[in-house]
Amino acid sequence: MTMAPAATTTANPLDDARAQLAEAVEVLGLPEGLHRMLATPRREVTVSIPLRRDDGSQDLFIGHRVQHNFSRGPAKGGIRYSPHVDLDEVRALAMWMTWKCALLDVPYGGAKGGVRIDPRHYSSAELERVTRRFTSEILPVIGPAHDIPAPDIGTDEQTMAWMMDTYSVASGYTVPGVVTGKPVSLGGSLGRATSTSRGVVDVALAALDSKGLKPATTTAAVQGFGKVGRGAARFLAEAGVRVRAVSDQYGAVINTAGLDMPALERHVDATGSVVDFAGAEPLDGDALLELDVDLLVPAAVEGVLTAENAPRVRARLVVEGANGPTTPEADAIMAGNDVLVVPDILANAGGVVVSYFEWVQANQAYWWTEAEVEARLKERMLGAWEAVSAYAAEKELSLRTAATAMAVERVASAHTLRGLYP
Ligand SMILES: NC(=O)C1=CN([C@@H]2O[C@H](COP(=O)(O)OP(=O)(O)OC[C@H]3O[C@@H](n4cnc5c(N)ncnc54)[C@H](OP(=O)(O)O)[C@@H]3O)[C@@H](O)[C@H]2O)C=CC1
Ligand SMILES: O=C(O)CCC(=O)C(=O)O
């Protein structure tokens, strides 16, 4: 595999998040003071993280934890390790977490964190030191009743195990509820690792059904083959959908008859990329977004569907596995072309829903079966899909504006009831 990683967008996701909030505020007729409060994070912590490398040299990274809102409960959201992390991106992601938690009615506010590091260039021992130092630096603001991190791009259950251990050592006892997405052997929940993908597919199948499309005659393309995209591609294929193309940072592959998913997964496990998969042809990563498929699942990074490429999107349905993949301009163009977009705060909420189940289980030290977790997840995802669809139809709104307005209304109501405003 020799290709260079794809460049990411230069647009500012915070502008997109604020534009979406402004639209919801207008629908709800909220006062300007409340709008300003909702547009602004409650707390931001920026830290520097020195690292002693394995070869004895020194490095330094910048990390952030942004807590957007606490009105409905402790802040909640993932930690991202990526060279593209910046404060505005983390602010946007934290705001989207607030709406996601409110929309799915899990008792949390929203937060997000990130360290500007490319984890592929560091050893496991180095990443452990970075994670422990980052956790120590943000220790005063996290905790099971304050703010509960989870995995995101570039982090995984091992990262969460190190975070939990660092927090627990400082507390003097084991505190499993400080993070979610932990290994099951340390108090993680069965079904958390696949929960975001399962939720994406639950909602995608419901949305296809609403358009009169049956899985057996449906085609799909999935951008991103990490924790979210890989499971989404697998579960779509298991449901009978022909997944024609998938991509990662290094490129994309296509087989119009449908990719052999188990064989592709074996190839990725062996080589680290979808590129050079023998059962498919190579494809340009950007071209994947414009393929002639029924369903497109962007499950990588923000800002990939823009005013530039949105006119060429041929899918009838876009289900956002990633956070913020569609800019407001692209949203308007696709709406005009009758492309139904199921927004991130609904489509990818399965992760935080099962994180909530994990936190509940950890706090009670009582474990559910995987079947229980998945049944409760599906019930929540389909309930949210029905509620958002009904609200959108009633008010003649896009699914994104409907979902955001429903969520913002819940947060605004909690904030007002607590007496903090006016
Ligand atoms: N993990 C979770 O529970 C949740 C994640 N999300 C969101 O889902 C998205 C993906 O997260 P997650 O799967 O956890 O992250 P991972 O780090 O596990 O995977 C990210 C994937 O995206 C690929 N990628 C990165 N940049 C590009 C690009 N420009 N073009 C194509 N592929 C690209 C990566 O490629 P490579 O494999 O080559 O590195 C990788 O396959 C993010 O937006 C995240 O915020 C939302 C809800 C919950
Ligand atoms: O599981 C969680 O707490 C958060 C997952 C996440 O970061 C997200 O939904 O974007």
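Residues are numbered from 1 along each chain as its sequence is written, and chains are lettered from A and ligands numbered from 1 in the order in which they are written. Because the model is predicted, local features need pLDDT of at least 70 and side-chain atom pairs count only at pLDDT 80 or more, while totals for chains, interfaces and linings use all residues.

The chain is assigned domain 1 (43-175) and domain 2 (195-342), with bounds that come from an automatic or database domain assignment. Taken over C-alpha atoms, the centres of domain 1 and domain 2 are separated by 28 Å. Five residues from domain 1 and four residues from domain 2 make the contact, where two residues are in contact if their C-beta atoms, placed from the backbone, lie within 7 Å. On the side of domain 1 that touches domain 2, the largest share, four residues, comes from H3. Helices (H or I, at least four residues) and strands (E, at least two) are DSSP runs, numbered from the N terminus. By class, that side of domain 1 has four nonpolar, no polar and one charged residues. Ala, Val, Leu, Ile, Met, Phe, Trp, Tyr, Cys and Pro count as nonpolar, Asp, Glu, Lys and Arg as charged, and the others, Gly among them, as polar.

Ligand 1 is surrounded by 28 residues, the closest being Gly-224, Gly-226, Gln-249, Ala-322 and Gly-351; a residue is near a molecule or strand if its C-beta atom, placed from the backbone, lies within 6 Å of it. The shell around ligand 1 consists of ten nonpolar, 15 polar and three charged residues. Both domain 1 (43-175) and domain 2 (195-342) give residues to this shell, so ligand 1 lies between them.

Around ligand 2 there are 14 residues, of which Gly-78, Ala-150, Gly-351, Val-352 and Ser-355 come nearest. Strand E3 (75-82), helix H3 (87-103) and helix H11 (350-364) are the elements that give two or more residues to this shell. Its classes are three nonpolar, eight polar and three charged residues.

The next positions carry annotations from a record. In an unreviewed UniProt entry, "binding site" covers Lys-76, Lys-100 and Ser-355. These span 280 residues in sequence, yet no two of their C-alpha atoms are more than 12.6 Å apart, so they gather at one spot. UniProt positions are given in the numbering used here, feature names are shortened, and annotations may be inferred rather than shown by experiment.

Lys-76 is found in strand E3 and counts as buried, with 29 C-beta neighbours inside 10 Å. A residue is buried if 20 or more other C-beta atoms lie within 10 Å of its own, exposed if 12 or fewer, and partly exposed in between, with C-beta atoms placed from the backbone. Not counting residues up to four places away in sequence, Lys-76 touches residues including Met-97, Tyr-108, Ile-148, Val-352 and Ser-355. Ser-355 has its place in helix H11 and is also buried, with 29 C-beta neighbours inside 10 Å. Leaving out residues up to four places away in sequence, Ser-355 touches Lys-76, Ala-150, Thr-180, Gly-181 and Arg-192.

Val-106 lies in the loop between H3 and strand E4 (110-116). Val-106 and Ser-355 are 249 residues apart in sequence but 9.7 Å apart in space, C-alpha to C-alpha. Val-106 counts as buried, with 21 C-beta neighbours inside 10 Å.

An unreviewed UniProt entry also gives "binding site" at Thr-196, a residue of helix H6 (residues 195-210). Thr-196 counts as buried, with 28 C-beta neighbours inside 10 Å. Beyond residues up to four places away in sequence, Thr-196 touches Lys-227, Val-228, Asn-348, Gly-350 and Gly-351.

Helix H5 (residues 157-171) has 15 residues and reaches 21 Å from its first C-alpha to its last, close to the 21 Å expected at 1.5 Å a residue; the expected span is 1.5 Å times one less than the number of residues. The buried residues of H5 pack against E3, helix H4 (124-138) and strand E5 (147-151), and among them are Met-160, Met-163 and Tyr-167. Gly-172, with a positive phi near 90°, follows H5.

Helix H12 (residues 370-395) has 26 residues and reaches 37 Å from its first C-alpha to its last, close to the 38 Å expected at 1.5 Å a residue. Its buried residues are Val-373, Leu-377, Arg-380, Met-381, Ala-384, Trp-385 and Val-388. The elements covering them include H3, H6, helix H10 (344-347), H11 and helix H13 (399-417). Glu-396, with a positive phi near 55°, follows H12.
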